[in-house]
Amino acid sequence: MRKFLLAIALISLHFATARATDFVTVRGGRFMLHDMPYYYIGTNMWYAPILASEGEGGDRERLHRELDLLHSLGVDNLRILAGADAGSPHARSVSPVLQLPTGELNDTLLRGLDYLLREMEQRGMQAVIYLNNAWDWSGGYGHYLQRVGLPPTPASDGEGYADYVRSAAEFSRCVPAQQLYIEYVRSIVGRVNSLTGRPYSESPAIMAWQLCNEPRPFATDSATVEGFCAWIARAARTIKSIDTHHLVSIGSEGIIGCNVDERLCQRIHANPDIDYLTLHIWPLNWRCASRDRLYESLPNVYIKSAEYINNHVRIARKLGKPMVIEEFGYARDHNFLYPGCTTTARDSFYEFIFTQLMGSAADDSTPLMGVNFWGWGGSGRPAEATWQPGADYLSDPPHEPQGWYSVYDCDSTTLQLIRRFTQILQARPSESKLSIF
């Protein structure tokens, strides 16, 4: 009997260990999945939970097509927004929203997130789920500031940008607004999937929870910066207290999102509850490229991008953590928006970024392990230059030109490029499991 009970215990231990390998972890400064180093080419598809819902904006047939096509391309890592918050009336924001002005959650969209995670589990896909946004196109900081009685934030685009920055900086100093955010985080991270019965904390489809999309302090004074760091530490600690299986990341643009201060970037990523470093690269938005000379600007784009990447490689090495370029984008040729337009300059920029990842995969001492292009438009098509309710969702936020940075399912040269590089990654020789120790 004793031998029988011992055998049962060993079998149980084996299956517990096997289940543990279904989650992405960090060991030795590298992502690991199924006891192997995890390198990936992924995309941004913030709107996926909306497509997965049965309410406004829902389109499960399209969702299935998008997931199946991405999976066939080898793109199995999706960075998504848990759901938009009701935001400022001055902003051009997405709808429907998950978090209403009162803080009440839209159950239809929650079930959409449940459905999405189930579909991703079935395809062996990984999600990075960001829980907030520093920008007003999905509510952002302003949602919480309004709920504690502060005035609505000005629009972040156009001439109101400076006013938006001054308003958004209040979030880092406003503990009551941060507390509302923490309560929201608890409700999402602690959720049980209504379709699978599995707690989110046990879903193998989740790679990481992310505190925010592009969080910034938006000011350089000590009170704001210290409040920003304290909020990050508290939010990460809260997630870890609920979910011990999944990684936590910030969602930072990197140095540019940290008041262009490398020390601040290193400080927030050094937090022991933050598992990896993130950075974003936007050559057009950051004026490293000219809109009317996209292809001709590429040599300068390569220089500036390589310098920015290398600065973060240095930080990640100091911290002993992996890093991900989780947003990078480039316009289609001539800044055209519609399917059928060529993507020569974009393809060249994508190839540059993919090549950085391949170089890292060939050199285990380099911390870059993943890239997520921005973003997936798939079978969506723009109805007009800016998004309106009822139009297809693309990767471009509602206030930006629709199709500007989106990859359509008919962008043949871009899809061929993506498939070529994912196949190279998948063909990497297997490494000994003992090599990580």
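User: How many bridges join β7 to strand β8, and in which sense do they run, parallel or antiparallel?

Analyst: In this predicted model, strand β8, residues 247-249, is joined to β7 by 3 bridges, and the two run parallel. Within that pairing, Trp 209 stands opposite Val 248 in β8.

User: Is β7 mostly covered or open, and how many of its residues are buried?

Analyst: Strand β7, which covers residues 206-210, is mostly covered, with 5 of its 5 residues buried.

User: Which helix makes a β-α-β unit with β7 and β8, and is the unit right-handed or left-handed?

Analyst: Helix α9, residues 222-242, makes that unit together with β7 and β8, and the unit is right-handed.

User: OK, zooming out: what is the strand order of the open sheet?

Analyst: The sheet has 8 strands in the order β8-β7-β6-β5-β4-β11-β10-β9, with parallel pairing. Because β8 and β9 (277-281) each have a single partner strand, they stand at the edges, and one side of each is left without a neighbour in the sheet. Neighbouring strands of this sheet are turned against each other by 25° on average, with direction ignored.

User: And how many bridges do β5 and β6 share?

Analyst: Strand β5, residues 77-81, and β6 pair over 5 bridges, in the parallel sense, and Asn 77 stands opposite Gln 126 in β6.

User: Changing topic, how many disulfides are there?

Analyst: The count comes to 0 disulfides. Cys 265, for example, is in no disulfide, as the nearest cysteine sulfur, that of Cys 258, is 4.5 Å away, whereas the cut-off for a disulfide is within 2.5 Å. Cys 265 also counts as buried, because its relative accessibility is 0%.

User: Last one, on helix α12: what span should it have, and how far apart are its ends?

Analyst: Helix α12 has 18 residues, 344-361, and at 1.5 Å a residue it should span 26 Å; its end C-alpha atoms are 26 Å apart, which agrees. Of those 18 residues of α12, 13 are buried, so the helix is largely enclosed by the rest of the structure.

Definitions and conventions: Residues are numbered from 1 along each chain as its sequence is written. This is a predicted model: local features need pLDDT of at least 70, side-chain atom pairs count only at pLDDT 80 or more; totals for chains, interfaces and linings use all residues. Side-chain values use heavy atoms; hydrogens and water are left out. Buried means under 20% relative accessible area, exposed over 50%, partly exposed in between (1.4 Å probe, protein chains only). Helices (H or I, at least four residues) and strands (E, at least two) are DSSP runs, numbered from the N terminus. The expected span of a helix is 1.5 Å times one less than its number of residues. Two strands pair if DSSP finds at least two bridges between them. A crossover is right-handed if, with the strands pointing away from the viewer, the path from the first strand over the helix to the second runs clockwise. Axes are lines fitted to C-alpha atoms, for helices over the stretch in contact, and angles run from 0 to 180 degrees between N-to-C directions.
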